[in-house]
Amino acid sequence: AALQRVGKALMLAVAWSANIGGMATLTGTGPNLVLAGDFTDLYPAGPGLSFAHWLAFALPLAVAFLLCAWQLLVRAMLRHSRGLYDTDAAAAAIRTQYAALGPMSFRERLVLGDFAALAVLWITRDPKFIPGWGSLFEHGFVSDGTVAALMAILLFALPAEKPRGCRPPARHLVGPTRASDPTLLDGQEPTSTAQVQLEAVPPPDATASAPAADAADAVATPPPRKRPLARCDGGGAPSEALVEWAVVARLLPWGVVLLLGGGFAVADACVASGLSAYVGESLVSLRTLPPTLVAVLLMLIVSATTAVTSNVATASIFVPVVAGLADSCDVHPLRFMLPVTLTCSLAFVLPVSTPPNALAFSSGRLRVRDMVGLGVCMNLIGIALIALALHTTGELLFELGEVPAWAGNRSSFR
């Protein structure tokens, strides 16, 4: 039974860490992408959300959340797990499997370099504390999506195999060398082929015909040689690209793309139909409550909703609605949009909440009640940490205590 609890803890750890880790980056989860797109479209005059800005805000939150999740699993399932298995044998098995992977291939190194360049470009585009390279262009001309598209296109141009080096051109010598003619004495220069041929040809007679004289001149002055080209292996066949469209079309999860696109369409419909403004005006009675309490209430509602629905669909519905509520309550839009978006990723209760939960449940080691009890605790811990981050790093990075001037210039359509 104790060993079974270890297996359950490992399955939950993988699922939880997948959900928590995605919160740390702007592109890590679908709700984060929904927030980035909706915020830019609803407030076109605003500064937008940069990758570096989000990383500075959400990375400490994710690290703290991971530590809390670890402690929860240790106290709930691993309290009496010492001595159940040989830790040295487990470490040796992991090292053996790692060694079996072998060295990184050329393709893997290229993909790693491309991803590292992508991360660096994302972080340095608009780091806020210093001007980034995005300041070299007009406002709104480049975004994180521009960088992602550029680095993705680059994968179609990089070669899949390491290019073979070209052999240097062979030296076409016109005469013997000291290495090829061991009979040469020290200090004696090799005789060129042209000289040898001139000595072999007798001088033309004065009475010789003109063609004979021309032939002698041709022997004495050999035709100029073109510089030989370097020879490359491969026979001139084009190298295979690192990524080909046929592979992308077959393996790309188009369902996720359609899900995100459908979420954007739902959010667009909420704004265009006036639903978000209507809901925001209907909740204007919450103006009498402190914004912190309103944010906590919204997080509780969203947490209950995202447990049974897709987190992307939940974010697509709630993000434009709470933006209208923020306008009605005369507060910074991100004061409500940030916690609602992050709470959409707090889907730890049911197997259907997120794909990581479903994969962990499909292992056969977990039951629904194993996930529900600990999942509710994780949701409550996440809500508390998000509220804390909102009033610490959120206030510092996004200036949530003030209502910006661009908040009044909200766009009615996407």
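**Helices and overall make-up**

I counted secondary structure first: the protein chain has 17 helices and zero strands. Helices here are DSSP runs of H or I with at least four residues, strands are E runs of at least two, and both are numbered from the N terminus. The model is predicted, so I noted its limits: local features need pLDDT of at least 70, side-chain atom pairs count only at pLDDT 80 or more, and totals for chains, interfaces and linings use all residues. Residues are numbered from 1 along each chain as its sequence is written, and side-chain values use heavy atoms, with hydrogens and water left out.

I then looked up burial. Of the 414 residues in the protein chain, 34% count as buried. Buried means under 20% relative accessible area, exposed means over 50%, and partly exposed is in between (1.4 Å probe, protein chains only).

Next I checked contacts, meaning heavy atoms within 4.5 Å. Among contacts between residues at least 6 apart in sequence, 78% join residues at least 24 apart.

How many residues of H14 are buried? Eleven of the eleven are, so H14 is largely enclosed by the rest of the structure. The buried residues include Arg335, Thr341 and Thr343. Pro333, Phe336 and Pro339 are also among them.

I followed H14 to H2. H2 covers residues 30–42 and H14 covers residues 333–343. Their axes come within 9 Å and cross at roughly 155°. Axes are lines fitted to C-alpha atoms, for helices over the stretch in contact, and angles run from 0 to 180 degrees between N-to-C directions. That crossing makes H2 roughly antiparallel to H14. The cut-offs are: under 35 degrees roughly parallel, over 145 roughly antiparallel, 65 to 115 roughly perpendicular, the rest oblique.

The crossing of H2 and H14 is right-handed.

Which residues make the contact? From H2 I listed Pro31, Asn32, Leu35 and Phe39. From H14 I listed Leu334, Met337, Leu338 and Thr341. By class, the contact of H2 with H14 has six nonpolar, two polar and no charged residues. Ala, Val, Leu, Ile, Met, Phe, Trp, Tyr, Cys and Pro count as nonpolar, Asp, Glu, Lys and Arg as charged, and the others, Gly among them, as polar.

**Aromatic pairs**

I found eleven aromatic pairs in the structure. Rings of Phe, Tyr and Trp (its six-membered ring) pair if their centres lie within 6.5 Å; planes under 30 degrees apart are stacked, over 60 edge-to-face, the rest tilted.

Phe65 and Phe348 form an edge-to-face pair, 5.8 Å centre to centre with 85° between the planes. The pair links distant parts of the chain, 283 residues apart. Phe65 sits in helix H3 (residues 51–77), and Phe348 in the loop between H14 and helix H15 (355–362). Phe65 is buried at 1% relative accessible area. Phe348 is buried at 0%.

I also looked at Trp245 and Trp254. Their ring centres are 6.4 Å apart and their planes lie at 75°, so this pair is edge-to-face. Trp245 counts as exposed at 54% relative accessibility. Trp254 is partly exposed at 38%.

Back at Phe65, I noted a cluster: Trp16, Phe65 and Phe348 form one aromatic cluster.

**Two threonines**

Thr27 lies in the loop between helix H1 (2–23) and H2. Is Thr27 buried or partly exposed? Thr27 counts as partly exposed, at 35% relative accessibility. Leaving aside neighbours within four places in sequence, Thr27 is in contact with Leu33, Phe51 and Trp122. Thr27 and Gly145 are 118 residues apart in sequence and 9.8 Å apart in space, C-alpha to C-alpha.

Thr124 is in helix H5 (residues 106–125). Thr124 is partly exposed, with 34% relative accessible area. Not counting residues up to four places away in sequence, Thr124 touches Gly132 and Trp133.

**Positive phi**

Most residues other than glycine have a negative phi. I flagged Asp330, which has a positive phi of about 60° although it is not a glycine. Asp330 is in the loop between helix H13 (311–329) and H14. At 51% relative accessibility, Asp330 counts as exposed.

I flagged Glu399 too, with a positive phi of about 55° although it is not a glycine. Glu399 is in the segment after helix H17 (393–398).

Definitions and conventions
Left-handed = near helix turned anticlockwise from the far one by under 90°.
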